[in-house]
Amino acid sequence: MSTTLLANFEFHCYGCDESAAVEPRGAACGHCGEPLSLRFSGKDAPTCLDSPPESLWHYREFLPVADRDSIVSLGEGATRLVEAPRLAAKFGFEQLLLKNETSNPTGSFKDRQVSVGISHARELGMDTVAVVSSGNVACAAAAYAARAGMRAVLFMHGMAAPGKIAQAAAYGAKVLCVNSPSAGAVFELCVAACERFGWYHLSTSGMHEPYNVEGAKTIAYELFHQCGGDVPDWIVTPVGGGGLLGGIWRGVLDLKRAGVLNRIPRLAGVQAAGCAPVKQAIDKGTPFLETLKSPWPNPKTIAGGIADDIIFDGHTVLPAIRTTDGLAPVVTDDEIIAGELLLASTEGILCEPSCAVVVAALNQIPRNGRDTRVCCVITGTGIKDLDAIRNQVAPPARIAPTLEAVDQEMNS
Ligand SMILES: [Zn+2]
């Protein structure tokens, strides 16, 4: 597999701020050894920033796919930014905004990353993609492969929700549930299979495949447009491997470099207490490469979608939090379920547990008087994982088919 780097792109190290002009897929920074990321290097601000997006591909100038015919799209991105006035009042924020990624084609923000990654794969002439996933990436890879007429092989590990496995299989993908407690071992198996069988590795791990995480940047561009040429004071997201928050940060930096934005929001990446390597790294000041030596032992949380024992995008998410005076909040499983039900019952959006961490962490975001504008990225729908809340909601009242019974129940 070979590639040529696109015009207007370079590889950049966010660890030491060095850039490399040549394609070093999978190569490390020659100065500090951290993985390299793609970066837009055009001289002029792209004209796409001046008009509203109809999909993620509105921002094609910022995305590393040269051949328009290679684009695989289901209409991802261009998601709504929704006001959440009741949640804002509850937590004491001037404004609380929800970037509703549940409306993406397969129900999660991963559609952004997979659309860009699989388009790159098609541009390379690949016919099969393979991913490691706890669920959402697998669903997205399966759907976009079906859309492209390509084959998808999904390596799913023990944390995958049954509903997500069924969804992925429905798109016609080959689903392999790997019998191993180690996420790292499943990942190594997928990588080895890609090498052996000539498949494109579509996992959303920026340290291995920098093209696959590029789609997350578009959330920053959309927020910039939706906030009238500005960004909120805080952007709060869940963190598993870190590609989402790292991507939003890189998108914001693109806007600053383009000269259209003059400030950087503070970024909060929320994890579950049962798997919190980012929190640990931030608290201890651990360099990214050091974190790889000690994966989080025995991840255990209801938020299976963010139970990554390794910070696969630590080379971007750690500086994203550190350089923006950000935060790495941690929440318990009980707080996560409560957050999911709070969001659903106050604002009408049902998210999955892996996303509900952001609601659960809102009381940890500092208030600057009342002039704090916060945006939570609602990364994935809860409809895929109803088992998580089935026993947490009130059971239905069973009544006789009479008005009296209705009246009695409503007043009980
Ligand atoms: Zn470097």
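Which strands form an open sheet with parallel pairing, and in what order? I found four strands in the order β8-β7-β6-β9. Here I count two strands as paired if DSSP finds at least two bridges between them. Strands (E, at least two residues) and helices (H or I, at least four) are DSSP runs, numbered from the N terminus.

Before going on, I noted the ground rules. Residues are numbered from 1 along each chain as its sequence is written. The model is predicted, so I note that local features need pLDDT of at least 70 and side-chain atom pairs count only at pLDDT 80 or more, while totals for chains, interfaces and linings use all residues.

**Parallel sheet**

I then followed β7 (residues 151–156), which pairs with β8 in the parallel sense over four bridges. Met 156 has Cys 177 in β8 as its bridge partner.

**Whole chain**

I counted 14 helices and 13 strands in the protein chain. Its radius of gyration is 21 Å, close to the 22 Å that the globule rule gives for 412 residues, so the chain is as compact as a globular protein of that length. The radius is taken over C-alpha atoms, and the rule is 2.2 Å times the number of residues to the power 0.38. The C-alpha trace spans about 75 × 50 × 40 Å along its principal axes.

Buried residues make up 53% of the 412. Buried means that 20 or more other C-beta atoms lie within 10 Å of the residue's own; exposed means 12 or fewer, partly exposed in between, with C-beta atoms placed from the backbone. Among contacts between residues at least 6 apart in sequence, 71% join residues at least 24 apart. A contact needs C-beta atoms, placed from the backbone, within 7 Å.

**Antiparallel sheet**

I turned to an open sheet of three strands, ordered β2-β1-β3 with antiparallel pairing. Its edge strands are β2 and β3, each pairing on one side only. β1 (residues 9–12) meets β3 (residues 37–40) over four bridges. Glu 10 stands opposite Arg 39, and His 12 stands opposite Ser 37. Two bridges join β1 to β2 (residues 19–20). The β1–β2 hairpin has six residues between the strands, and Asp 17 takes a positive phi near 70°.

**Helices α11 and α12**

At what angle do α11 and α12 pack? I read about 85° for α11 (residues 333–347) and α12 (residues 353–360), with their axes 7 Å apart. Axes are lines fitted to C-alpha atoms over the stretch in contact, and angles run from 0 to 180 degrees between N-to-C directions. The two helices are therefore roughly perpendicular (65 to 115 degrees; under 35 is roughly parallel, over 145 roughly antiparallel, the rest oblique). Contact residues include Ile 336 and Leu 343 of α11 and Val 357 of α12. They divide into ten nonpolar, one polar and two charged. Nonpolar covers Ala, Val, Leu, Ile, Met, Phe, Trp, Tyr, Cys and Pro; charged covers Asp, Glu, Lys and Arg; the others, Gly among them, are polar.

**Gln 95**

I checked Gln 95 in β5 (residues 95–100). It counts as partly exposed, because it has 17 C-beta neighbours inside 10 Å. Leaving aside neighbours within four places in sequence, Gln 95 contacts Ala 88 and Arg 373.

How values were computed. Contact = placed C-beta atoms within 7 Å.
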